[in-house]
Amino acid sequence: MASLLTFAARRAPVRLGRAVSSISSQTRHLSSSPIDHDQKELQSLARAFADNEFAPKMQEWDENQHFPADVLRKGAELGFGGLYTREDVGGAGLGRLETSVIFEALSTGCVSTTAYISIHNMCAWMIDTYGNEEQRQKYLPNLTSMEHFASYCLTEPGAGSDAGGLSTTAVKKGSHYVLNGSKAFISGGGESNVYLIMARTGGSGAKGISCFIVEKGFKGLSFGKKENKLGWNSQPTRAVIMEDCEVPVENLVGAEGQGFSIAMKGLNGGRINIGSCSLGAAQASLEAALEHVKVRKQFNQPIANFQNTQFKLADMATSLLSSRLMIRQAANMLDQDHPSAASFCAMAKLHATDECFKICDDSLQLHGGYGYLKDYKVNVYLRDSRVHRILEGTNEVMRMVASRALLSE
Amino acid sequence: MSNLRILVATKRVVDYAVKIRVNAAGSAVETANVKHSMNPFDEIGTEQAIQIKEALAKAKTGTAEVIVVSCGPAKSQETLRTALAMGADRAIHVESDVELQPLAVAKLLKAVVEKEKPDMVILGKQAIDDDSNQTGQMLAGLLSWPQATFASKVELGDKSMTVTREVDGGVETIKTPLPAILTTDLRLNVPRYASLPNIMKAKKKPLEKIVASSLGVDIKPRLETLKIAEPAKRQGGKLVESVDDLVDKLKNEAKVL
């Protein structure tokens, strides 16, 4: 078995420790819940990619706020740029469950980078599903290869949870719509080439909103300063500003007034994606905790010997599993276009992002003082997954969506 | 124009990152509920065959067909699918539920070679489970073919190949006519990831199943494993008081002086 170590060293430097103490083989059984052999194959590809391409760089990207465009494109060669986009435009044509499994595996290596990939995928899916053939052929091949990056622009400085009340306007003038307003907290803002912007073409309320494809370089489009964030540092966040921004009429996605519905349909999947990224953060944090408690000694024994540690680990694994089951069920429901999919997606996102954040925090606690050091990875998982409770609809909005479904029955 | 047929042998082994454990009976390494994957040296072999095929296609100087073969139980097909997803054209599964030792595998491969008539057989230099490092050499012997083992670089010529080998003293470059046996070393290449679409497409590529007994070769094990044990636990270090103390311990405890 001498060659084992050589391989671990060559193919995945960070896993050298694991090849010796091997957390992986046992804990990864946790992720073997309801997925079949094919899905496991996709999972093992994504995990290998995360272990080799993301994990060794995660802390560096976080520290330097580096957007790893080259690594993203390398992933896109394997199909990560359009996981649930159709194959004729370069997508992988997978379902939501497979996508969730892949995002979970990828985010064990870097949550922030995977979350950006998930947003990009959501945008590609929106164009694939609601765009016309010209729009699909014009934009999607470049997006699935990640030659171009995409951003989703719904939130405004004055319209967060109340997204239906957004105030960016789009006024049709001849062959163009003229857009005015600004969008806040846009992931990929400034780096992306394609922006899916929701703007008001009609009266007040959700039905007056339309969806536009806006290219970087269109006249009147500019960006705010790069935001300084607690986490999600491997992707830039900026405001997107439209001042008499001219968008050709052929860049309207779907019909006028359909924009909010398109945005929400995108978000159902987006919530599963973000929940999946939380699963990966929790999985990696649990693996890190297991590794640490076997090595760290207090009172002359590994802290894994203490019942407090054991019970904590059991609770972490239990809540990770329950989160995973909910996310995967909701993903299945989206695949089947189930009428209750939206509320199940909301509940799954609420549960998974809250619980998985707690798992990261518990892992940090088990690391003791070391967990607070940036030399250890768990702080990155904690900071990166914190925002999952806020975006793609805050977890308070998730409760609104879920309770609305309950009370309307 | 050269039209090559390359046969690549692959083995399903316990994944390189798994911490191996001896089974309760002390007779073998525990393989139940343990992650398995393709022997990493065979991944390098598969990658090499695909690179040869791609290079020929790119230079428009010929074509190559890449056939992957695995001998072993039904689950070996997972490994073959991985190779197909990487880019092999078709697969052959020689099914056998009995333990296959290197000589048995070499004989089975010889039978496959006689059927498929490849110009080259690529094998990993060894499998990371039993570390035998025998199958390629035995196959060369059985076929009376030249062999280039521990390859770190391969260049195809006209009905020949030039191979750089990693040997103890440095590197050695040899040239052999084809057909020949090639076994891969660590630095030959870095295997690609199979892309998601290719993983899906691999399911539709042909996979032929041959029952080992139908090949009419004697695959009875020749070796018997008596015992498998974990390495002794490492002892903690000791501090000695003086040089005399050290010399005494080296002489009388370690018995190295």
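User: UniProt positions are given in the numbering used here, and the annotations may be inferred rather than shown by experiment. In this predicted model, which residues of chain B does the annotation "domain: Electron transfer flavoprotein alpha/beta-subunit N-terminal" cover?

Analyst: The span has 32% helix and 32% strand, and its end C-alpha atoms lie 24 Å apart. According to UniProt, in an unreviewed entry, the annotation covers residues 26–219 of chain B.

User: How many helices and strands does chain B have?

Analyst: The C-alpha trace of chain B spans about 75 × 40 × 40 Å along its principal axes. The secondary structure along this chain comes to six helices and eleven strands.

User: What percentage of the residues of chain B count as buried?

Analyst: A residue is buried if 20 or more other C-beta atoms lie within 10 Å of its own. Among contacts in chain B between residues at least 6 apart in sequence, 69% join residues at least 24 apart. Of the 257 residues of chain B, the buried share is 39%.

User: Is B:Gly124 buried or exposed?

Analyst: B:Gly124 belongs to strand 6 of chain B, residues 120–124. The cut-off for burial is 20 or more other C-beta atoms within 10 Å. Because B:Gly124 has 28 C-beta neighbours inside 10 Å, this residue counts as buried.

User: Which residues does B:Gly124 touch, not counting those up to four places away in sequence?

Analyst: A contact requires C-beta atoms within 7 Å. B:Glu155 is 31 residues from B:Gly124 along the chain, and their C-alpha atoms are separated by 17 Å. With residues up to four places away in sequence left out, B:Gly124 touches B:Asn39, B:Phe41, B:Asp42, B:Ile44, B:Gly45, B:Thr183 and B:Thr184.

User: How far apart are the C-alpha centres of domain 2 and domain 3 of chain A?

Analyst: The domain assignment divides chain A into domain 1 (29–144), domain 2 (150–259) and domain 3 (261–407). The C-alpha centres of domain 2 of chain A and domain 3 of chain A are separated by 30 Å.

User: How many nonpolar, polar and charged residues are on the side of domain 2 of chain A that touches domain 3 of chain A?

Analyst: Domain 2 of chain A gives twelve residues to the contact, and domain 3 of chain A gives eleven residues. By class, the domain 2 side has seven nonpolar, five polar and no charged residues.

User: What are the helix and strand percentages over residues 37–147 of chain A?

Analyst: In an unreviewed entry, UniProt lists these residues of chain A for "domain: Acyl-CoA dehydrogenase/oxidase N-terminal". The end C-alpha atoms of residues 37–147 are 31 Å apart. Over this span, the chain is 70% helix and 0% strand.

Notes: Residues numbered from 1 in each chain as written. Chains lettered and ligands numbered in written order. Predicted model: local features only at pLDDT ≥ 70, side-chain atom pairs only at ≥ 80, totals over all residues. Domains from an automatic or database assignment. Contact = placed C-beta atoms within 7 Å. Nonpolar A, V, L, I, M, F, W, Y, C, P; charged D, E, K, R; others polar. Helix = DSSP H or I, 4+ residues; strand = E, 2+ residues; numbered from the N terminus. Buried ≥ 20, exposed ≤ 12 C-beta atoms within 10 Å, placed from the backbone.
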